[in-house]
Amino acid sequence: MMTTINYQQHLLPLSRQQLVDKLAEALTEDRFHHVLRVEQTAIKLAKQYGVDLEKASIAGLCHDYAKQRPDEDFLREIKEDGLDPDLLNWNNAIWHGIVGAEMVKHELDVWDEDILNAIRHHTTGAPVMSPLEQIIYMADYIEPGRSFAEVVKARELTAKSLTLGVAYQTEQTLAYLVERDLPVYPATILTYNAWVPQNKGEL
Ligand SMILES: [Fe+2]
Ligand SMILES: [Fe+2]
């Protein structure tokens, strides 16, 4: 069943429906439906773990807002906002979260730092993540459209403990990159060190 949150906290100058309409325009159809599933998964987790439902809805809907933008848009945003110059060496996979959060701020007028951090960190995680950040990180990974082998265990762990879910996803993501000889964004290693060893034996 779909839950529709009525926005009342003025976290952005749009109703939920107006935000959904903007996303339908900004994203491919597949990604638009992914974003709706992430929102619903985030709301479910927010109910379970006592997190603000309106923030979960906004962060879930906005987390991939910038995913379809051309590289030039990210490169311009990195320079104009004076973001870490090392970002220039990366690509859309990293930019759409970390740099995409700045686009959400400026273009959708969302200034809540918890929501923005949830968008920033949804791909790489971070050594310290608020409950909302953990929820968006996990909702993106376990939403019902995901079908990779590890997702079953990821859903079980997340239902039991948000922390264990975060640790499991982080472990799986690093293993995936290393097995394929892919580059590892430095923050992903910091996320691994902060979450995985301390939960050893429970994953
Ligand atoms: Fe994403
Ligand atoms: Fe996503």
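A: Happy to. Contact means heavy atoms within 4.5 Å, and helices (H or I, at least four residues) are DSSP runs, numbered from the N terminus. This is a predicted model, where local features need pLDDT of at least 70, side-chain atom pairs count only at pLDDT 80 or more, and totals for chains, interfaces and linings use all residues. Side-chain values use heavy atoms, with hydrogens and water left out.

Q: What covers the buried residues of H2?

A: Buried means under 20% relative accessible area, exposed over 50%, and partly exposed in between (1.4 Å probe, protein chains only). In H2, residues 29-49, the buried ones include Phe32, Val35, Val38 and Leu45. Their cover includes helices H1 (16-26), H3 (53-62), H8 (131-142) and H9 (151-160).

Q: How many salt bridges does the structure hold?

A: A salt bridge is a side-chain nitrogen of Lys or Arg within 4 Å of a carboxyl oxygen of Asp or Glu. The structure holds 11. One of them joins glutamate 107 to arginine 69 at 2.9 Å, N to O. Glutamate 107 is in helix H6 and arginine 69 in the loop between H3 and H4, so the pair ties together parts 38 residues apart in sequence.

Q: Which residue forms a salt bridge with arginine 120?

A: Glutamate 102, with the closest N and O atoms 2.8 Å apart. This pair links helix H6 to helix H7, 18 residues apart. Glutamate 102 also meets lysine 105 in a salt bridge (3.5 Å, N to O). An α-helix has 3.6 residues a turn, so residues three or four places apart point the same way. Lysine 105 and glutamate 102 are three residues apart in H6, about one helical turn.

Key
Residues are numbered from 1 along each chain as its sequence is written. Chains are lettered from A and ligands numbered from 1 in the order in which they are written. Helices (H or I, at least four residues) and strands (E, at least two) are DSSP runs, numbered from the N terminus. The expected span of a helix is 1.5 Å times one less than its number of residues.
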